[in-house]
Structures are given as structure tokens and as C-alpha cells.
Amino acid sequence: MKRNNDREYKVHETPEERGLIVGRNPVIEALKADKLIDLIFVNPEAEGSVKLILKLARDRNIPIKQVSEQKLTSMCDGMSHQGVIAMGACAEYKTPEELLDIAREKGEDPFIIICDEIEDPHNLGAIIRTAETAGAHGVIIPKRRSASLNQTVFKTSAGAASWLPVARVANIAQTIDMLKKNGVWIYGTDGSGANYTDERLEGPIALVIGSEGYGMSRLTKEKCDGLLSLPMKGKITSLNASVAAGIFMYEVVRQRALK
């Protein structure tokens, strides 16, 4: 599957409706005002105040993507971008600790979904939608190599992204360590794992869903307490990430209902 952090647009949407901030001064002011920004697109040949933008972005750990002049022009419908466009976030992110607090306040065992580099916003939106309906307490995504809470994710989630908290972290492995210290068992989803119906999934649990084409990263896989797999009966040996995630999530729902 093509790896792509760019937002998918509809023809009738204006750059503002897409959550884009176009041009050097608007981007600088947005950064200084500490507005939520997911990603900054920049022409690597641009100079002058673009250097300030890059510094401000790095200070805030905002990902930067180098693209061509033509790409920037196509993104903003020909507006004067001056070599830089910022992509604004659609919602506030939570911390992983806040997800645990939500479960604690409800008097429930934590049920968290960790998306390890899910880059397709349609897949992320579908995962969020299923997670919300399955009663998960939140979704965790990495800051880099992942779709963010953009308009496509919100639309694909059918509104679930407005209800289900999403935490965005710099390091998935460290986040897993924190969850373990709080008594959460980590189950990765991988073809080498045990049949998903053979594991006990009733207690505090986090499910890790790997990327569309590569699965979980090596370090994330090593951090898991166990691995779950789906039986594959046909000639195709894998499922869409969001479809597989839904099956695993509802196995947790099924087992919790039997307690």
C-alpha cells in the first residue's frame, strides 16, 4: 500500500476547509500562537523566514515533510504559499495517562488500541469508529509515520473521532512500558501469533494494530506480552488493517461479556 501522509481532498473544499494554513506569515503566527499543527510541508529550496518556521516546528516536535513547489501549489489551489503550508489538527490529543484515567473513572479495566504506523487515514478512521463502538477507552498513535486526526479520519470514523480520545506519542515502545507498569497487558496482532480465540483477553488490555504493509515494528513486537493471529483459509494471507482490528476488538468484547 502506498505510504502517504498527505490528506485526501475533495474538489469543492477550500484550503481553509481542509485545515491548511498557507504562506510564511500565517504559518509563523500559528506556530507562535501554539495552534495545533500536525504537519508542515516545505519546499527544501525555500530560504529566508522558512528557516524560522523550521526552527519553531522542531522546537515543538512538529513533523516536517519536504515536497516540491508543484506539490505545494496543487495543495492550496494556486494560492501564494511562499514555499510552506501547515496542516492543522482537527482535535486536541490526549495523553496515554489520560486514557487510563478515563477507564479508572468508569470503573472498568483499560481497553486501549495502539496503532503502530497506520498511515492510511481511512484505515485510522475506521479503526477509531470500531474502537468507539466496542467500548475502548482510547486509541494511541505515533507522531511520525502515522495518519493524524485530519478531516479524512473524522469523516471515515462517522463522528467517532469526536467521542473517542486519541493520544499521540513520540515513542510507542516507551508508551507500552508505561502501560505495562500500570497493569495493562499488551497483545500484538501478527500472523505468527496464537489463534485469537485461544487467549484470555478479559483484563486490562491494549491491542497493537500494525501498519498496512509492514505490520508491527520489531521493537514493538518484542514489547508485546503475547501475539494474536487470525486463521487464514483462503489464498490471500492478510486482511485490511481496519478489518482485522475490528475482529480482534470484538473478541475482547465477547470475552468480557462472558466474565
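## A residue in a loop

Met79 is partly exposed, with 35% relative accessible area; that label covers values between buried (under 20%) and exposed (over 50%), using a 1.4 Å probe and protein chains only. You'll find Met79 in the loop that links helix H3 (69–75) to strand E4 (84–88). Helices (H or I, at least four residues) and strands (E, at least two) are DSSP runs, numbered from the N terminus. Val22 is 57 residues away from Met79 along the chain, yet their C-alpha atoms are 7.6 Å apart.

## Before going on

This is a predicted model, where local features need pLDDT of at least 70 and side-chain atom pairs count only at pLDDT 80 or more, while totals for chains, interfaces and linings use all residues. Residues are numbered from 1 along each chain as its sequence is written, and side-chain values use heavy atoms, with hydrogens and water left out.

## The cores

Now for the inside. The largest nonpolar core has 36 residues; a core like this is a set of buried Ala, Val, Leu, Ile, Met, Phe, Trp, Tyr and Cys residues joined through side-chain atoms within 4.5 Å. Among the elements that give two or more residues to this core are strand E5 (111–116), helix H5 (121–133) and H9. The top contributor is H9, with 6 residues.

Ile128 is one of the residues with the most contacts inside this core. Leaving out residues up to four places away in sequence, Ile128 touches Val139, Leu149, Val153, Ser157, Ala160, Ala161, Leu164 and Val166, where contact means heavy atoms within 4.5 Å. Another core, of 17 residues, lies apart from the largest one and includes Ile114, Ile186, Val208 and Cys224.

## Thr130 on helix H5

Thr130 sits in helix H5. Is Thr130 buried or exposed? Thr130 is buried, because its relative accessible area is 18%. Thr130 also touches Gly246, Met249 and Tyr250, again not counting residues up to four places away in sequence.

## Helix H7

Helix H7 covers residues 172–181, and its buried residues are Ile172, Ala173, Thr175, Ile176, Met178 and Leu179. An α-helix has 3.6 residues a turn, so residues three or four places apart point the same way.

Look at the start of H7: a side-chain oxygen of Asn171 comes within 3.0 Å of the backbone nitrogen of Ala173. After H7 comes Gly183, with a positive phi near 85°.

How values were computed. A polar contact is a pair of N or O atoms within 3.5 Å; within protein, one must be able to donate a hydrogen and the other to accept it, and residues adjacent in sequence count only if both atoms are side-chain atoms.
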